[in-house]
Amino acid sequence: MSEVKAYGAKASDANLEQLDIKRRDLLPTDVHIEIEYCGVCHSDIHQVRNDWKNSKYPVIPGHEIIGHVVAVGSKVTNFKKGQKVGVGCMVDSCQECNSCKEGLEQFCENGMTATYNSPDQHLGGHTYGGYSEEIVVDEKFVLNVPENLDIKAVPPLLCAGITTWSPLRQWNVQKGDKVGVVGLGGLGHMGIKFAHALGAHVVMITTSPEKSKDAERLGADEVLISKDAEQMKQHANSFDFILNTVPVGHDVNPYLNLLKRDKTMCLVGAIEPLKGVNGGALIVKRKRLAGSLIGGIEETQEMLDFCGEHDIVSDIEMIDMQNINTAFERVVNSDVKYRFVIDMQSLKN
Ligand code: NAP
Ligand code: ZN
C-alpha cells in the first residue's frame, strides 16, 4: 500500500482540501498510473454535494484521468511503463453478467465499481478518484490514448466524451439528421463536436445567448435560445434526435415539442426526478424519452480512436488543484469554457 496526496471533501457542505489517501499494491493484472491531468465533471460536484443521496466521505472526485504508466503487474499484457493512458468513470465490474459479456460494464448487473464513491473491493471503504497523484486500476479498465492528440485536452473525452458519443451511436445519428444538443457545458460541447463529425445538422439549444459564437465554432449549424418561445415554436416537430445534458431536473416538455414524430430525446444530465412530463407530448406523435449512462470500455476505446482519426479533443481551461473550489462555483453557474482540467503537477507543489 502506498500513501498519495489527493484533494477531496469531508462533508457535503465542505470545500475540497488536501488529504492523504492509500492506493493498493500492484496485483498481477493491475496498472499503476501517475496522474498528469484530470477533468472536472459536473458529476464531481453532484457527488461532493450529495445531490444523489449516496455519497460517502471523504469524496475524492475525478473520473477523467490521464497519466502515464509507472508499473504493471506480472500478467499485464496491453500496457507498458511510460505509456500514456486514460481511466474513465469505472475501474471494475463482475465481467460475468450478461451486460459485462456484451461490453456494457456500466450496466453490470452486480454493480460496476465507479472510479470514486463505490465500495472498494480491495482496500475496503470506498473508491477514490482522479483528484490525486496516482491510481491503481485493473488493465481491463485502462484505455489507450491516440498519440496524435494533445494530451492536456484528452481527459474530458473519458466522461463527457463517451457520455455523448454513446447515445449518438445508439440512436444511429446519420449524415443530414437534425440533431439538438441541450446545454453548452462539458458534455454539450462534446455532443456538438461528435454530432458535427457524424455529419448531422447540429442545433445548439442553450439558455445562454452569449455562447452562440462558441457554439458555431464548435460545430453547431444553428443556435436556438430555449428561453425564446417564438424561436422554439419555429423549430417545433423538426428534430430527428435531441441529446439533453441539463444537469438538474427540469421541464422537458418544451424540448419534447421539438421532436419529429417517432423520434427520441435522450437525457444524460438530469439523474433525478423530472418536473411533470406531459404524456400528451409523447403520445400524440409517438415520441420517446430515453436515458443513457456513460458507455462500455470497448465503446470508450472506439470513441477515443474516432477522436484520434478526426482530431477531436475537448476545449479546456487548465487549473491548479488549489483552485478547484472556484472552478466548482463556475461550473454551477454555467460559466465553463468548456471543461476545467486540473494540472496534477500542482498537487506536488
Ligand atoms: P456543465 O458543464 O455544468 O453543463 C451543463 C449545461 O447545461 C450548462 O452549461 C448550461 O448550458 C445548461 N444548464 C444548466 N442549468 C440549466 C437549467 N436549469 N436549465 C437548462 N439548462 C441548464 O455539466 P456537465 O459536466 O456537462 O454535466 C451535465 C450533467 O450530466 C450533470 O448532471 C452530470 O452529472 C451529468 N452526467 C451524466 C453522465 C451519464 O452517464 N449520464 C455522465 C457525466 C455527467 P447553457 O448555458 O448552454 O444553457
Ligand atoms: Zn463525469
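The legends below describe close-up views of a predicted model. In this predicted model, local features need pLDDT of at least 70, side-chain atom pairs count only at pLDDT 80 or more, and totals for chains, interfaces and linings use all residues; side-chain values use heavy atoms, with hydrogens and water left out. Residues are numbered from 1 along each chain as its sequence is written, while chains are lettered from A and ligands numbered from 1 in the order in which they are written.

**View 1. Strand 4 pairs with strand 3 and with strand 5.** Helices (H or I, at least four residues) and strands (E, at least two) are DSSP runs, numbered from the N terminus; two strands pair if DSSP finds at least two bridges between them. Strand 3 (residues 30–40) and strand 4 (residues 65–72) are antiparallel, with 7 bridges. Tyrosine 37 stands opposite isoleucine 66 of strand 4. Strand 4 and strand 5 (residues 84–87) are also antiparallel, with 4 bridges, and isoleucine 65 has valine 87 in strand 5 as its bridge partner.

**View 2. Three residues supply the protein donors of the zinc ion (ligand 2).** Donors are N, O and S atoms within 2.8 Å of the metal (3.2 Å for Na, K and Ca); water is not among the atoms, so sites may look incomplete. Cys41 (SG), His63 (NE2) and Cys159 (SG) lie 2.0 to 2.2 Å from the zinc ion. Their spacing along the chain is C-x21-H-x95-C. Cysteine 41, in the loop between strand 3 and helix 1 (42–48), and cysteine 159, in the loop between strand 9 (143–144) and helix 3 (160–170), are 118 residues apart. Both cysteine 41 and cysteine 159 are buried (under 20% relative accessible area; exposed is over 50%, partly exposed in between; 1.4 Å probe, protein chains only).

**View 3. Ligand 1 is surrounded by 30 residues.** Here a residue counts if one of its heavy atoms lies within 4 Å of the ligand. The closest are Thr206, Thr207, Ser208, Lys211 and Arg339. An oxygen atom of ligand 1 is 2.7 Å from a side-chain N or O atom of serine 43, and an oxygen atom of ligand 1 is 2.9 Å from a side-chain N or O atom of histidine 46.

**View 4. Lysine 53 and proline 58 lie in the loop between helix 1 and strand 4.** The peptide bond from tyrosine 57 to proline 58 is cis, with omega near 0°. Lysine 53 is not glycine, yet its phi is positive, near 60°. Lysine 53 counts as exposed because its relative accessibility is 69%.

Conventions. Polar contact = N/O pair within 3.5 Å; in protein donor to acceptor, adjacent residues only side chain to side chain.
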